[in-house]
Amino acid sequence: MSSASNGTSDGGVGESFRRFAIHGDTRATGKDMNGKNWSKLCKDCGVIDGKGITLTDVDIVFSKVKSKSARTITYSQFKEALAELARKRFKDKSSEDAAQEVYRMIEGKSPVISGVTVKAVASPTVSRLTDTTKFTGSHKERFDKTGRGKGKAGRVEVVDASGYVSGYKHAGSYEKKVSKPPQKPM
């Protein structure tokens, strides 16, 4: 989609507007931007500096430029909002120079995706509950010595046809006791 097709005339800033406008919303057309994506654009592009412009300032400017009942801003309202933030951020420059400075910050940028594949933090409680060496009873039977699951063999009761009572520790030792090894003649 070109910049001209969404009503934007200045290439880099218009393309950045479109990228941020469609970020996180599969139904977005790229012609208007919601407040969440506006805040993300300001954060990711470095417009928010923490001193002159804060997240609160960004939200106030968004509310100021959008239509009363609307939840989104158009590209022209976006440029108006950027001009408002530029005047606040670069107080020592003229309005046009300040706006150009903010446009340079935004030009060609895309949404930064961070923290999506966060590694799960193992808390002591979770590690204690998932430690298979501490399992007792029937749950203990589902895992081998290394802690790996036995699969179906761990869930289904396998019939022992050896003739010994379950739990008998000396299974298979009877034959050894009955048949004594031949003794040497003296």
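**The overall picture**

Keep in mind that this is a predicted model. The protein holds nine helices and two strands. Starting at the N terminus, the elements come in the order α-β-α-α-β-α-α-α-α-α-α. Out of 186 residues, 25% count as buried. Looking at contacts with a separation of 6 or more, 49% of them come from residues 24 or more positions apart.

**Helix α4 itself**

Helix α4 covers residues 75-89, which is 15 residues. From its first C-alpha to its last it reaches 20 Å, close to the 21 Å expected at 1.5 Å a residue. Which residues of α4 are buried? They are Y75, Q77, F78, A81, L82, L85 and A86.

Y75 sits in helix α4. Its relative accessibility is 6%, and because the cut-off for buried is under 20%, Y75 counts as buried. Y75 and V13 are 62 residues apart along the sequence, yet their C-alpha atoms are 9.8 Å apart in space.

Two packed helices are described by the angle between their axes and the distance between the axes.

| Pair | Angle between axes | Distance between axes |
|---|---|---|
| α2 (residues 35-44) and α4 | about 45 degrees | 13 Å |
| α3 (residues 55-65) and α4 | about 140 degrees | 9 Å |
| α4 and α5 (residues 95-106) | about 110 degrees | 8 Å |

Let's take α2 with α4, where the angle is about 45 degrees. The two helices are therefore oblique to each other, and their crossing is right-handed. On the α2 side the contact is made by W38, L41 and C42, and on the α4 side by F78, A81, L82 and L85. What classes do the residues of this contact of α2 with α4 fall into? Seven are nonpolar, with no polar and no charged residues.

Next comes α3, whose angle with α4 is about 140 degrees. That makes α3 oblique to α4, and α3 passes α4 in a right-handed crossing. From α3, the residues D57, V58, V61, K64 and V65 meet Q77, E80, A81, E84, L85 and K88 of α4. The contact of α3 with α4 has five nonpolar, one polar and five charged residues.

Then there is α5, at about 110 degrees to α4. Why call this pair roughly perpendicular? Angles of 65 to 115 degrees count as roughly perpendicular, so α4 is roughly perpendicular to α5. Helix α4 brings K79, L82, A86, R87 and R89 to the contact, and α5 brings S95, A98, A99, V102, Y103, M105 and I106. In the contact of α4 with α5, eight residues are nonpolar, one is polar and three are charged.

**A stop in a loop**

Where is T132 found? It lies in the loop between α6 (124-129) and α7 (137-140). Is T132 buried or exposed? T132 counts as buried, because its relative accessibility is 19%. Leaving out residues up to four places away in sequence, T132 touches F143 and G147.

Technical notes. Residues numbered from 1 in each chain as written. Predicted model: local features only at pLDDT ≥ 70, side-chain atom pairs only at ≥ 80, totals over all residues. Heavy atoms only, no water. Helix = DSSP H or I, 4+ residues; strand = E, 2+ residues; numbered from the N terminus. Expected span 1.5 Å × (residues − 1). Buried < 20%, exposed > 50% of the residue type's maximum accessible area, 1.4 Å probe, protein only. Axes fitted to C-alpha atoms, helices over the stretch in contact; angles between N-to-C directions. Parallel < 35°, antiparallel > 145°, perpendicular 65-115°, else oblique. Left-handed = near helix turned anticlockwise from the far one by under 90°. Contact = heavy atoms within 4.5 Å. Nonpolar A, V, L, I, M, F, W, Y, C, P; charged D, E, K, R; others polar.
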